[in-house]
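Dear colleague,

Please find it below, followed by an account of what was found in it.

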Amino acid sequence: MSLLHFSFYSAFILSSLGLAFHRTHLISALLCLESMMLSMYIALSIWPIENQTPSFTMVPVLMLAFSACEAGTGLAILVASTRTHGSDHLHNLNLLQC
């Protein structure tokens with residue numbers, strides 16, 4: 001495994017561990033999700049260059065579009081939960097109380 005692959009794998013693993021263990025605020029969960037998407041985007045951008053396959057060059061652009069939609073939706077949920085509950089703590093967000 002090259003150093004480049006190790007850095008992508010470690011960035012993805014560290015961000016998923018951050019998502020698993022730092023679940024106090026919604027903004028920290030969103031930042032961990034964005035770092036996971038960033039590491040996946042960089043890995044998918046390098047992959048067609050390494051394999052010399054031009055048919056997979058649109059995959060990073062599509063993933064970047066979905067990542068932008070995910071970020072916008074996450075920020076909208078953050079603003080809505082802050083306005084209704086007063087904070088972005090995840091323990092305040094209980095779906096059974098709705």
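How far apart do the end C-alpha atoms of residues 61-80 lie, and what share of the span is helix and what share strand? In this predicted model, those end atoms are separated by 29 Å, and the span is 100% helix and 0% strand. Residues 29-49 are likewise 100% helix and 0% strand, with their end C-alpha atoms 31 Å apart. Both spans come from the UniProt record, an unreviewed entry, which lists residues 6-22, 29-49 and 61-80 under "transmembrane region".

I turn next to the packing of the helices. The axes of α2 and helix α3 (residues 59-85) lie 10 Å apart, at an angle of about 175°. Angles over 145 degrees count as roughly antiparallel, and α2 and α3 are therefore roughly antiparallel to each other. By class, their contact comprises 16 nonpolar, four polar and two charged residues. On the α2 side, the residues involved are Leu26, Ile27, Leu30, Leu33, Glu34, Met37, Met40, Tyr41, Leu44 and Ser45. Those they meet in α3 include Val59, Pro60, Met63, Leu64, Glu70, Gly74, Leu78 and Ser81.

The remaining findings concern the largest pocket, which has a volume of about 240 Å³. Two elements, α1 (3-21) and α2 (26-51), each give two or more residues to its lining. The greatest contribution is that of α2, with seven residues. The lining consists of His5, Phe8, Tyr9, Phe12, Ser39, Met40, Ala43, Leu44, Ile46, Trp47 and Glu50. By class, eight of these are nonpolar, two polar and one charged.

With kind regards

Notes: Residues are numbered from 1 along each chain as its sequence is written. This is a predicted model: local features need pLDDT of at least 70, side-chain atom pairs count only at pLDDT 80 or more; totals for chains, interfaces and linings use all residues. Side-chain values use heavy atoms; hydrogens and water are left out. On a 1 Å grid over the protein atoms alone, a cavity is a set of points where a 1.4 Å probe fits but cannot get out, and a pocket is an open set with protein on both sides within 12 Å along at least five of seven lines; lining residues have an atom within 4 Å of a point. Grid points are joined across faces, edges and corners, and a volume is the space filled by probe spheres set on the points. Helices (H or I, at least four residues) and strands (E, at least two) are DSSP runs, numbered from the N terminus. Ala, Val, Leu, Ile, Met, Phe, Trp, Tyr, Cys and Pro count as nonpolar, Asp, Glu, Lys and Arg as charged, and the others, Gly among them, as polar. Axes are lines fitted to C-alpha atoms, for helices over the stretch in contact, and angles run from 0 to 180 degrees between N-to-C directions. Angles under 35 degrees count as roughly parallel, over 145 as roughly antiparallel, 65 to 115 as roughly perpendicular and the rest as oblique. Contact means heavy atoms within 4.5 Å. UniProt positions are given in the numbering used here, feature names are shortened, and annotations may be inferred rather than shown by experiment.
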